[in-house]
Amino acid sequence: MQDRILQGSIKAIRIPEVLTFLNYIKKTGVLTVEGDGRTRKVYFHNGEMAFASSSDPSESLGSFLVRRGKITHEQNLESVSQIAPGRRQGRILVAMGLLTPSELWENVQSQVLEIIYALFPLKSGYFQ
């Protein structure tokens, strides 16, 4: 298990400052942020944000795509029912013919940014 290099309260250090610091020191790992009843994770590779995830179902890929009008609620439910180990929702949506690989890539990038931007207004919570 790796040592935690940084942890604390969002009241003491705001998330944009944490993200800037992790970029500056070029770390690879996961920043876990707990706040507003959700847990969000930002994955870093050599200081660059590579991916993000959220415990909130409304911030899932499927929900994101429904909000953007890319898929219907029913298509989201159908694709979720097919998720299994090694089968991620995005690939399922491509296999269903609902998205092209490039559309999937573009939408995942936008979803990741949405999750990261949701961290900025947090005024309380913890990170590690």
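**Close-up views of a predicted model**

**View 1. Glu59 in its loop.** Glu59 sits in the loop that links E4 to H2. The model shown here is predicted. Glu59 is buried, and its relative accessible area is 11%. That value falls in the buried class because buried means under 20% relative accessible area. Which residues does Glu59 contact, leaving aside neighbours within four places in sequence? They are Arg38, Arg40, Ser54, Gln111, Ile115 and Ala118.

**View 2. The whole chain, for orientation.** The protein chain has five helices and five strands. Read from the N terminus, the order of elements is β-α-β-β-β-α-α-α-α-β. The C-alpha trace spans about 45 × 25 × 25 Å along its principal axes. Of the 128 residues in the chain, 31% are buried. Now take the contacts between residues at least 6 apart in sequence: 52% of them join residues at least 24 apart.

View 3. Helix H1 covers residues 15-24, and its buried residues are Ile15, Val18, Leu19 and Leu22. Why do they lie on the same side of H1? They cover an arc of only 100° around the axis, which puts them on that same side. An α-helix has 3.6 residues a turn, so residues three or four places apart point the same way. The face turned away from the buried side of H1 carries exposed residues, Thr20 and Tyr24.

What covers the buried residues of H1? The cover includes strands E2 (29-35), E3 (38-45), E4 (48-54) and E5 (126-127). Helix H5 (101-117) is also part of the cover.

View 4. H1 is followed by Lys26. Lys26 belongs to the loop between H1 and E2. Most residues other than glycine have a negative phi. Lys26 is partly exposed, with a relative accessible area of 48%.

**View 5. Asp36, between two strands.** Asp36 is in the loop between E2 and E3. Asp36 also has a positive phi, of about 50°, and is not a glycine.

View 6. Ile5 lies in the segment before strand E1 (8-9). Set aside residues up to four places away in sequence, and Ile5 touches Leu22, Ile25 and Lys27. Ile5 and Leu22 are 17 residues apart along the chain. Their C-alpha atoms are separated by 9.5 Å. Leu22 is one of the buried residues of H1.

**View 7. The largest nonpolar core.** This core has 24 residues. Which of them have the most contacts inside the core? They are Ile15, Leu31, Val33, Leu65 and Phe127. The elements that give two or more residues to the core are H1, E2, E3, helix H2 (61-67) and H5. H5 gives the most, with five residues. In soluble globular proteins, nonpolar side chains tend to be buried together.

**View 8. Phe127 and its contacts.** Phe127 is among the residues with the most contacts inside the largest nonpolar core.

**View 9. The largest pocket.** The largest pocket has a volume of about 490 Å³. How many residues line this pocket? The lining has 18 residues, and Phe51, Leu61, Arg88, Gly90 and Val108 lie nearest the pocket's centre. E4, helix H4 (89-95) and H5 are the elements that give two or more residues to the lining. H5 supplies the largest share, five residues. By type, the lining divides into eight nonpolar, six polar and four charged residues.

Definitions and conventions: Residues are numbered from 1 along each chain as its sequence is written. This is a predicted model: local features need pLDDT of at least 70, side-chain atom pairs count only at pLDDT 80 or more; totals for chains, interfaces and linings use all residues. Side-chain values use heavy atoms; hydrogens and water are left out. Buried means under 20% relative accessible area, exposed over 50%, partly exposed in between (1.4 Å probe, protein chains only). Helices (H or I, at least four residues) and strands (E, at least two) are DSSP runs, numbered from the N terminus. The arc is that of the directions from the helix axis to the C-beta atoms. Contact means heavy atoms within 4.5 Å. On a 1 Å grid over the protein atoms alone, a cavity is a set of points where a 1.4 Å probe fits but cannot get out, and a pocket is an open set with protein on both sides within 12 Å along at least five of seven lines; lining residues have an atom within 4 Å of a point. Grid points are joined across faces, edges and corners, and a volume is the space filled by probe spheres set on the points. Ala, Val, Leu, Ile, Met, Phe, Trp, Tyr, Cys and Pro count as nonpolar, Asp, Glu, Lys and Arg as charged, and the others, Gly among them, as polar. A nonpolar core is a set of buried Ala, Val, Leu, Ile, Met, Phe, Trp, Tyr and Cys residues joined through side-chain atoms within 4.5 Å.
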